[in-house]
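Subject: A structure for you to explore

Hello,

Here is the structure I promised to pass on. Have a look around it first, and then read my notes below.

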Amino acid sequence: MVYKGACYCKALKYEIDISSPEQARTSLCHCKNCKRFFGTAFGLTTKIPVKAFSYTAESAKPTVHEADNGSGSLLHREFCSVCGSGILEYGAAAAKDFRYVMTGTLDDPGALPPKGEFFCINREKWMPEVPGIFHKQKVQE
């Protein structure tokens with residue numbers, strides 16, 4: 001199954017090639033870092049195997065930003081230098097195995113619905129728990 005996506009201005013285009021939707025895990029993250037990067041009350045990413053992600057031949061090259069994620073770990077983010085849309089991220093521990101694609105950049109974000117929520121302890125009080133998925137208060141759970 002191939003899932004396509006792009007940044008807002010479509011300068012960056014990508015494909016995710018997985019054999020089954022079960023190879024993807026979409027999750028909401030309520031950590032302060034995701035809230036700041038996404039500019040909203042939570043981040044929404046889809047975890048996929050690193051080999052499943054590729055920029056298309058006509059795609060521009062992403063801009064890369066790397067910084068401490070607040071816990072002493074290096075976080076790598078790729079985004080469009082034209083429109084600023086984030087495309088993906090990964091931490092040092094996941095670098096060899098996974099990419100976390102910004103779900104809203106998929107052409108059909110609803111095709112890979114959420115399976116879980118992280119850092120629920122930081123969920124905004126006005127936001128209800130998403131039913132029918134797992135909920136972790138902290139990552140160490």
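Two strands count as paired if DSSP finds at least two bridges between them. Please keep in mind that this is a predicted model.

Let's start with the strands. Five bridges join β7 to strand β8 (residues 86-91), and these two run antiparallel. Across this pairing, Arg77 stands opposite Glu89 in β8. The β7 and β8 hairpin has six residues between its strands, and Gly84 takes a positive phi near 90 degrees there. Strand β7 (residues 74-79) also pairs with strand β6 (residues 63-68), in the antiparallel sense and over six bridges. In that pairing, Ala67 has Leu75 of β7 as its bridge partner.

Now for the aromatic rings: how many aromatic pairs are there? The count comes to four. One of them is Phe53 with Tyr55: the ring centres are 5.0 Å apart and the planes are at 90 degrees, so this pair is edge-to-face. Phe53 is buried at 13% relative accessible area, while Tyr55 is partly exposed at 23%. Phe118 and Phe134 are also edge-to-face, because their planes are at 75 degrees, with centres 5.4 Å apart. Phe118 lies in strand β10 and Phe134 in strand β11, so this pair ties together parts 16 residues apart in sequence. Ring pairs also link Tyr14, Phe53 and Tyr55 into a cluster.

Finally, look for two arginines over rings. Arg77 lies over the face of Phe37, 4.0 Å from the ring centre, and Arg99 lies over the face of Tyr90, at 3.6 Å.

Enjoy exploring!

How values were computed. Residues are numbered from 1 along each chain as its sequence is written. This is a predicted model: local features need pLDDT of at least 70, side-chain atom pairs count only at pLDDT 80 or more; totals for chains, interfaces and linings use all residues. Side-chain values use heavy atoms; hydrogens and water are left out. Helices (H or I, at least four residues) and strands (E, at least two) are DSSP runs, numbered from the N terminus. Rings of Phe, Tyr and Trp (its six-membered ring) pair if their centres lie within 6.5 Å; planes under 30 degrees apart count as stacked, over 60 as edge-to-face and the rest as tilted. Buried means under 20% relative accessible area, exposed over 50%, partly exposed in between (1.4 Å probe, protein chains only). A charge sits over a ring if NZ of Lys or CZ of Arg is within 6 Å of the ring centre and within 35 degrees of the ring normal.
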